[in-house]
Amino acid sequence: FSSYLAYSEVSKNDVNDPTYANATITMWGGMPAFIQGMLTRLAGTKASKVYASYNWKNFGANLLTTASYAKLNMGEYNGWTNGDANEIDFSATYYPSSFKNLEIRLRANYSNDFLVLASNKGTVSWDEYHFVVKYNF
C-alpha cells in the first residue's frame, strides 16, 4: 500500500499583461508531476490531491489498483474556469505472469463542476474511460 498528498500552485495571469498566457507549458508537455489532473496547469490554479495505491501481489494477483481525488481552485483569466472543481481517478493495472512484459490497464476519470467562462453556460462535467494494452519489447 502507498499513498501521498500533493499540492501545486500555478501563478496567476493578468489580462492586461502583454505576455498573457493561459497555462504552464513544460518542455515535455507535462503538468505538475504529483497532481496530474486534467486542468492543473491552468494559470492561477491551486490544486491538492490525495492518492492511494495497492499492490495485490501478496494475494496472488499481479494487479495494481489506484484511486485519487483532486480538488482544484481555478483562477481568473485562464480561459476555462474560475472557481472550484474536482477530479476523481481510478485505475487497475494487470501484469499477466503468463505473458512477460505485457500490461493491461483500465482507467476511469471523472471531472466535475468546471465553470466554462467562454460560453457562460454554467458548469460542465465529463467522464473518461481508457483501456490500454502495452507491451515492452
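This is a predicted model: local features need pLDDT of at least 70, side-chain atom pairs count only at pLDDT 80 or more; totals for chains, interfaces and linings use all residues.
My cut-offs are under 20% relative accessible area for buried, over 50% for exposed, and partly exposed in between, with a 1.4 Å probe and protein chains only. Residues are numbered from 1 along each chain as its sequence is written, and side-chain values use heavy atoms, with hydrogens and water left out.

I then asked which side chains meet glutamate 103 in a salt bridge. Arginine 105 does, at 3.6 Å from N to O. Lysine 134 also forms a salt bridge with glutamate 103, and there the closest N and O atoms are 3.8 Å apart. That pair links distant parts of the chain, with lysine 134 in strand β6 and glutamate 103 in strand β5, 31 residues apart. Through shared partners, Glu103, Arg105 and Lys134 join into one network. I count a salt bridge when a side-chain nitrogen of Lys or Arg lies within 4 Å of a carboxyl oxygen of Asp or Glu. Arginine 105 is partly exposed at 32% relative accessibility. Lysine 134 is partly exposed too, at 38%.

**The other salt bridge**

How many salt bridges does the structure hold? I find 3. Arginine 107 and aspartate 89 meet in one of them, at 3.2 Å from N to O. Arginine 107 lies in strand β5 and aspartate 89 in strand β4 (residues 83-94), so this pair ties together parts that are 18 residues apart in sequence. Is aspartate 89 buried or exposed? Aspartate 89 counts as buried, at 9% relative accessibility. Arginine 107 is partly exposed, with a relative accessible area of 30%.

**Strands and contacts**

I checked the fold next. The protein chain has 0 helices and 6 strands. Along the sequence the pattern reads β-β-β-β-β-β. These are DSSP runs numbered from the N terminus: helices are H or I of at least four residues, strands are E of at least two. I took contacts between residues at least 6 apart in sequence, and 51% of them join residues at least 24 apart. Contact here means heavy atoms within 4.5 Å.

Buried residues make up 28% of the 137 residues in the protein chain. The largest nonpolar core has 6 residues: Ala47, Ala70, Leu72, Met74, Ala85 and Phe114. Strand β3 (residues 63-74) gives the most to this core, with 3 residues. A nonpolar core is a set of buried Ala, Val, Leu, Ile, Met, Phe, Trp, Tyr and Cys residues joined through side-chain atoms within 4.5 Å.

The accessible surface of the protein chain comes to about 9000 Å², and 57% of it belongs to carbon and sulfur atoms. I use Shrake-Rupley areas with a 1.4 Å probe; for residues, only the protein chains shown count as cover. On the surface, Leu5, Val50 and Tyr69 form a nonpolar patch with about 310 Å² of accessible area together. Patch residues have over 30% relative accessible area and no salt bridge; like charges are joined within 9 Å, and nonpolar side chains (Val, Leu, Ile, Met, Phe, Trp, Tyr) within 5 Å. Valine 50 sits in strand β2 (residues 46-55). Its relative accessible area is 41%, so valine 50 is partly exposed.

**Aromatic pairs**

I searched the whole structure and got 8 aromatic pairs. Tyrosine 54 and phenylalanine 59 have ring centres 6.4 Å apart and planes at 45 degrees, so the pair is tilted. Rings of Phe, Tyr and Trp (its six-membered ring) pair if their centres lie within 6.5 Å; planes under 30 degrees apart are stacked, over 60 edge-to-face, the rest tilted. Tyrosine 54 is partly exposed at 25%, and phenylalanine 59 is exposed at 60%.

Why is the pair of tyrosine 110 and tyrosine 129 edge-to-face? The planes of tyrosine 110 and tyrosine 129 stand at 80 degrees, with ring centres 5.8 Å apart. Tyrosine 110 lies in strand β5 (residues 102-115) and tyrosine 129 in strand β6 (residues 123-135), so the pair ties together parts 19 residues apart in sequence. Tyrosine 110 is partly exposed at 23%, while tyrosine 129 is exposed at 57%. I also noted a cluster in which ring pairs link Tyr54, Trp56 and Phe59.
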